[in-house]
Amino acid sequence: MAFHVIGAKFGLRDDVARRIVPKVNLPLPGSGGGSDREPPATKCCVRPQLHPLFPEEEALNAQAVATRRAEFTTALVCAREALAKIGCSPVPILTGEWGAPCWPEGVAGSMTHCQGYCAAAVARDSEVIALGIDAEPNEPLPDGVPGVIARREELTFLASLPVLGVAWDRLLFSAKETVYKAWFPVGRRFLDFHEATVAVLPDGTFVAHVLVTPPILRGKPLTNFSGRWTVVDGLVLTTIAVEAQ
Ligand SMILES: CC(C)(COP(=O)(O)OP(=O)(O)OC[C@H]1O[C@@H](n2cnc3c(N)ncnc32)[C@H](O)[C@@H]1OP(=O)(O)O)[C@@H](O)C(=O)NCCC(=O)NCCS
């Protein structure tokens, strides 16, 4: 299975840290430079003059604040570079139903941005039929949020996990968002946080089971996912790639 992930970390020099880590299926933000407490980025951290947005893309965020525009631009530049790696020529990546990105024909992909970090993952759908990626700060969720986003069995499981410097509740949240991003292009409806049950395991993997009537993808119900996670540079990163078989 081959897919490409491009990540960019705000706060470093122009030659931003980017890594492609196909073995572990995860983007690693740059090491060194930037601290976890950097102020929100207000400029794109990749040189946008080298990767101008298409006018249709510019129009999507014309009214947005500078921080949002910077993140949006960086994520699109990452996506464009990742698409180039799989042989796709540059095309506008617009926003479709429920906010999902519209990838070129024959491509599965996903994007994420959080404070200080953006990434995009893409693959040919002959190899990968669904992709999800999400980044979050490695910090506990605000009080009250775990009870809203997690099912009872998930909360019980979280409480049993070892103390390892991982904000497990945030990791669960990220894994759920990754499930949604991978599931949505097939399911095509909003998926509530309680409509999937996810177990994050200390070995850097997670498994998810979606509890709604499954959509059919290439003749098979899309119900179960397995993903990977890592914690690096103050970030929690989760990915899912469903292999075409
Ligand atoms: C859509 C959502 C997952 C985005 O996550 P987030 O942490 O807020 O933001 P991220 O930066 O990681 O991801 C944003 C990107 O996700 C992508 N995205 C948005 N909606 C999407 C969808 N329906 N399907 C797939 N990808 C989507 C877009 O590329 C977006 O980038 P953009 O804002 O520049 O267009 C989140 O806002 C949301 O609505 N969650 C509720 C649904 C959910 O997660 N359910 C869990 C089921 S177990």
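Predicted model: local features only at pLDDT ≥ 70, side-chain atom pairs only at ≥ 80, totals over all residues.

Colleague: Which element gives the most residues to the shell around the ligand?

Modeller: The shell around the ligand comprises 21 residues, the closest being Gly 99, Ala 100, Thr 112, Phe 184 and Ala 196. Two or more residues each come from helix H2 (66-85), strand S2 (107-114) and helix H5 (168-187). With six residues, the element that gives the most is H5.

Colleague: Which strands form the edges of the open sheet?

Modeller: The open sheet has five strands with antiparallel pairing, in the order S4-S10-S9-S6-S5. An edge strand pairs on one side only, and this applies to strand S4 (128-137) and strand S5 (196-201). On average, neighbouring strands of this sheet are turned by 20° against each other, direction ignored. The edges are therefore S4 and S5.

Colleague: What is the bridge partner of Thr 197 in S6?

Modeller: S5 runs antiparallel to strand S6 (residues 205-210), and six bridges join the two. Within S6, the partner of Thr 197 is His 209.

Colleague: At about what angle does H5 run to S4?

Modeller: H5 lies across S4, S5, S6, strand S9 (224-232) and strand S10 (235-243). Its direction relative to S4 is given by an angle of about 150°.

Colleague: Is Trp 98 buried or exposed?

Modeller: Trp 98 lies in the loop between H2 and S2. Its phi is near 55°, a positive value in a residue other than glycine. Most residues other than glycine have a negative phi. A residue counts as exposed if 12 or fewer other C-beta atoms lie within 10 Å of its own; because Trp 98 has 11 such atoms, Trp 98 is exposed.

Colleague: What is the phi of Arg 218, and where does this residue lie?

Modeller: Arg 218 has 11 other C-beta atoms within 10 Å, so Arg 218 is exposed. Although Arg 218 is not a glycine, its phi is positive, at about 50°. The residue lies in the loop between strand S7 (216-217) and strand S8 (220-221).

Note on methods: Residues numbered from 1 in each chain as written. Near = placed C-beta within 6 Å. Helix = DSSP H or I, 4+ residues; strand = E, 2+ residues; numbered from the N terminus. Buried ≥ 20, exposed ≤ 12 C-beta atoms within 10 Å, placed from the backbone. Pairing = 2+ DSSP bridges. Axes fitted to C-alpha atoms, helices over the stretch in contact; angles between N-to-C directions. Contact = placed C-beta atoms within 7 Å.
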